[in-house]
Amino acid sequence: MLRHLTRDTLSLVAAVLGPAALCAVLLPLRDRLANTDVALLLLVVVVVAVAALGRRLAGALAAVSAAVWFDFFFTPPYERFAISKSSDLTTAVLLLLVGLAVSQLAFHASRLQVVAITDADYLARIHATAVLARSANSAITVVDHVQDQLVELLRLRGCRFEYGSLLGHPPRLEHDGSVVIGRRPWDADRLGLPDQDVELRLFGNGQYVGRFMLEPTPGAVPSRQARLVAVTLADQAGAVLDSLRPPAHTA
């Protein structure tokens with residue numbers, strides 16, 4: 001948990017101070033750099049870097065900080081929070097708006113699991129499940145297949161599927177690959193999964209349809225990429241469960 005908190009804290013500190021530090025480094029080149037080049041450097045080097053962590057607040061703060069320090073250091077009158085030229089004002093506003101947009105995209109990309117899957121085995125598992133999902137006429141077939149994949153992928157002792165209502169408050173594997181116990185983050189990168197059943201929820205068309213209950217193997221530490229692939233497989237099973245679910249009958 002301390003590692004998680006430290007990462008969040010550092011991302012916020014980088015969001016606030018990173019643009020100021022980069023501006024200070026570029027300050028000796030102020031007479032030779034166009035303001036648009038400075039704004040681009042701030043956007044790419046700081047805002048995108050912070051936003052890539054998937055922290056919406058940190059990305060937004062980085063965008064605001066970049067615009068503020070750009071104004072302070074690189075727009076006349078210098079070392080004052082004022083802008084005299086309309087072109088500089090336009091650049092500062094665009095820097096802020098684009099930075100905010102980038103931070104939002106990074107946040108949503110994190111939630112949608114836009115990750116670079118480079119391991120051939122992971123790709124093969126995702127592809128095989130997708131093929132089965134398209135051809136299967138029974139949701140149970142896909143669920144059983146994904147259960148087996150999860151056991152291998154996360155090195156589990158076992159895995160079972162529970163359809164319907166949520167019961168209890170077990171640890172949960174989230175859609176960004178993180179693990180939480182209640183509302184507290186669990187350092188799965190260092191400690192592996194908790195030593196109790198962990199739920200992985202399935203959704204179809206935005207609606208909860210069930211969950212896999214993961215039975216971790218003591219000492220096993222599945223990577224974050226493996227956990228993200230596990231969530232992707234569960235999403236595929238959830239989509240099949242939703243598509244093959246019989247329509248509700250009305251009286």
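Mentor: Exposed means over 50% relative accessible area, and buried means under 20%. Keep those cut-offs in mind, and remember that this model is predicted.

Trainee: Is Y163 buried or exposed?

Mentor: Y163 is exposed, because its relative accessible area is 52% and the cut-off is over 50%.

Trainee: Which ring does Y163 pair with, and how do the planes sit?

Mentor: Start with the whole structure: a search finds eight aromatic pairs. In one of them, F161 pairs with Y163. Their centres are 6.4 Å apart, with 55° between the planes. That pair counts as tilted.

Trainee: Which residues do ring pairs link into a cluster?

Mentor: W69, F72, F73 and F81 are joined that way.

Trainee: What lies over the face of Y78?

Mentor: R30 does, at 3.7 Å from the ring centre.

Trainee: Now the nonpolar core. Which members touch the most others?

Mentor: A nonpolar core is a set of buried residues joined through side-chain atoms. Here the largest one has 31 residues. L150, L173, L200, F212 and L214 touch the most other members.

Trainee: Which elements give two or more residues to this core?

Mentor: Three are helices: helix 5 (120-135), helix 6 (139-153) and helix 8 (224-243). The others are strand 1 (156-163), strand 5 (198-204) and strand 6 (207-216). Helix 8 gives the largest share, nine residues.

Trainee: What does L150 touch?

Mentor: Leave out residues up to four places away in sequence. Then L150 touches R155, L156, C159, L200, F212, L214 and A230.

Methods
Residues are numbered from 1 along each chain as its sequence is written. This is a predicted model: local features need pLDDT of at least 70, side-chain atom pairs count only at pLDDT 80 or more; totals for chains, interfaces and linings use all residues. Side-chain values use heavy atoms; hydrogens and water are left out. A nonpolar core is a set of buried Ala, Val, Leu, Ile, Met, Phe, Trp, Tyr and Cys residues joined through side-chain atoms within 4.5 Å. Buried means under 20% relative accessible area, exposed over 50%, partly exposed in between (1.4 Å probe, protein chains only). Helices (H or I, at least four residues) and strands (E, at least two) are DSSP runs, numbered from the N terminus. Contact means heavy atoms within 4.5 Å. Rings of Phe, Tyr and Trp (its six-membered ring) pair if their centres lie within 6.5 Å; planes under 30 degrees apart count as stacked, over 60 as edge-to-face and the rest as tilted. A charge sits over a ring if NZ of Lys or CZ of Arg is within 6 Å of the ring centre and within 35 degrees of the ring normal.
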